[in-house]
There are 2 protein chains.
Amino acid sequence: MAQTRGATLKDVAEMAKVSIKTASRVLNDDPAVAASTRAAVAQAMRSLDYQPDPAARSLRAGKDRLVGVVIDSVGDVFFSQLVARIESMLDAAGYRVLIASSNRDEQRERDLVQSLVQRRCAGVIVAPISRSSLDGVPLRDAPVVFVDRIGDLPGAQSVVSDDFGFGRTATEHLIEHGHRRIALVSDAPVVETTRRRHEGYRAAMLAAGLEVDERLVRGNCDDRSDVVRAITELMDLDEPPTAVISTNTRLSLGVVPAVRQYGRTGLAVVAIGDFDMAESLSPAITVIDHSPTAVGAAAAEAMLASLADPTRTLDDPIVTVPARLIPRGSGELRP
Amino acid sequence: MAQTRGATLKDVAEMAKVSIKTASRVLNDDPAVAASTRAAVAQAMRSLDYQPDPAARSLRAGKDRLVGVVIDSVGDVFFSQLVARIESMLDAAGYRVLIASSNRDEQRERDLVQSLVQRRCAGVIVAPISRSSLDGVPLRDAPVVFVDRIGDLPGAQSVVSDDFGFGRTATEHLIEHGHRRIALVSDAPVVETTRRRHEGYRAAMLAAGLEVDERLVRGNCDDRSDVVRAITELMDLDEPPTAVISTNTRLSLGVVPAVRQYGRTGLAVVAIGDFDMAESLSPAITVIDHSPTAVGAAAAEAMLASLADPTRTLDDPIVTVPARLIPRGSGELRP
DNA sequence: CCTTCGGATGTCATCGTTGTCATCGCTGTC
DNA sequence: GACAGCGATGACAACGATGACATCCGAAGG
């Protein structure tokens, strides 16, 4: 069990025969240090393998190279990818990441953010439960970036996905491949993100001069059994759909086997949100990549920009990460 | 932008008309405080909404309620689940979690651990790249817990999965359902975990008095195309297998469609490692749950125990999380 | 030759908390 | 009645670093 107490600035200063302050100056690249002195101190630092103490710095300076990330849960595939990207980008900039799961509890979310700020995190990235999630939470000067969902906070950036584009792109893609009767399998459009996807679907239909058959819009699928029923009913229509869009990954995991079970492998499918097995099915499932990586990258970028220039004014408080369709086969089937 | 600088112990002390030290005593549940004083201080703390400053505490006390977690990547499904569980358990004990991805780079792993320790993390949980990953890293007194893979460090606990049990349980299960010709689809058994799974398979066969037909052991599948070829060749044998075990999730994602494509839905399948679509296929895939949650829970528990009693001696440096088979249909098919 | 200036460096206080030791008032004892 | 013993409290330094300000010294200007 190694027991070396790390060297302090004092040790470095003694070794280089200068005052602690001068050593501190070298550490902080203060230009007011003679080149020779600087070299001597740097040498001492190297030979003592000096590492600055973050706690002391943080105490004195009031800031720490730490960014807090508060999300629904790290266990969620979407968020885990998101965090992975954030972590790698912030790491490159010398920041460490503190994670905390809100479990979709708004009170807990507020407490976590507050405690992270208290901990002198330089900034906080939050997937807000609601737009007003952080109202009244004391934030000192820590910049906040919202991800995945829009948050209202003066000066804070929100990085979200183009939900409207998801719906529209999926629909356009199917229309381009000759489909006219396109079904939408979705959870209840009460959440903003779902609603926007519906709007995208309708906009694309409208733009192509197609009428939306409301019997094809299934906005009531919450679990897998709902999906199975929805698919069955859709297939039993006089004029069944030739294509289906599923609005989220959870539903896709139900749609795919249901369609298959129904023996309708000829039915075109586009899934919003990529998933593991998508590529290895046959035909492989065409998806709209709801890319956690892209959202994470944009969020990390926004955070780094705010950290670098805390006074910056945002061009637009909401950054939208574009939709990207990955054709794999199932979405390119002709009617 | 709220700007309240939080209250300090000094403010609390002034309000309660006691010295800072006494306020500190109350904060730390020091018994040497009169009940009336304690009440007054507690009252002041409440009315000022006092929160202790972690940086100052950490500086003075040399410890912080922070646990570092170093894993391959948070983006990996296995590790993200693992971290989620660790986070929720440590959170309940008042610890915050700092994550860092090693990207399977041993040097980076060492640097990260060292920097976390320097940061005064109370403990570190590591998925070691190799057994000797942390040799020579100065650890002060921070307890270390290894997860998923065994690490060598005097006094450190390793929490791993029962790879041998995975292989044995899968095999036994199929034998119990009447199978005699059981194939094993696997990546190269060079990694310790894979090798142990093979050993489990052989042990179960031996115990049942069955001879292992080496043509059924396919230890050369690295990607999906290898899997397809392996399945094809297995099916072309004079006496094809009636059951297949796939040794990891990645391979399962290839085995399942391949078997299906081959029209052999009657072939029994047991997959080591659970995956998303497993439940929604038909028949659903029987899996051995290589449970990140269970490993995470055991690791968090070990960490909390070490934190509570740093001098404790381990019963066994290696804790093995047992295998758990989840029957879903595909593994219960009769030959 | 003395003053002024500015670059280089040092002194001291400080961030918020806790450890060490001293102090205070009281009771109980020889 | 002096003093040990004890519970409760406070004064002070310290953790490791940085900010404000002082100081020192040689060069430039009058």
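Reader: How many of the five residues of strand 5 (residues 157-161) of chain A are buried?

Author: This is a predicted model, in which local features need pLDDT of at least 70, side-chain atom pairs count only at pLDDT 80 or more, and totals for chains, interfaces and linings use all residues. Residues are numbered from 1 along each chain as its sequence is written, while chains are lettered from A and ligands numbered from 1 in the order in which they are written. A residue is buried if 20 or more other C-beta atoms, placed from the backbone, lie within 10 Å of its own; helices (H or I, at least four residues) and strands (E, at least two) are DSSP runs, numbered from the N terminus. Strand 5 of chain A is largely enclosed by the rest of the structure, because the number of its residues that are buried is five of the five.

Reader: Which residue of strand 11 (residues 318-321) of chain A stands opposite A:Val159?

Author: Two strands pair if DSSP finds at least two bridges between them. Strand 5 of chain A pairs in the parallel sense with strand 4 (residues 144-147) of chain A over three bridges, where A:Val159 is the bridge partner of A:Val147. Strand 5 also pairs in the parallel sense with strand 11 of chain A, over four bridges. There, A:Val159 stands opposite A:Val319.

Reader: Which element of chain B gives the most residues to the side that touches chain A?

Author: Two residues are in contact if their C-beta atoms, placed from the backbone, lie within 7 Å, and the contact takes 46 residues from chain A and 45 residues from chain B. On the chain B side, helix 4, helix 5 (77-92), strand 2 (96-101) and helix 10 (249-261) each supply at least two residues. With seven residues, the element that gives the most is helix 5 of chain B.

Reader: In which sense do strand 2 of chain A and strand 2 of chain B pair?

Author: A:Leu98 stands opposite B:Leu98 in strand 2 of chain B. The two strands pair over three bridges, and the sense is antiparallel.

Reader: Which element supplies the largest share of the surface near DNA strand D?

Author: A residue is near a strand if its C-beta atom, placed from the backbone, lies within 6 Å of it. Of the 24 residues around DNA strand D, those that come nearest include A:Thr8 and B:Thr22. Five residues, the largest share, come from helix 4 of chain A.

Reader: Which element supplies the largest share of the surface near DNA strand C?

Author: DNA strand C is surrounded by 25 residues, and B:Leu9 and A:Ser19 are among the closest. The largest share, five residues, comes from helix 4 of chain B.

Notes: A residue is buried if 20 or more other C-beta atoms lie within 10 Å of its own, exposed if 12 or fewer, and partly exposed in between; C-beta atoms are placed from the backbone.
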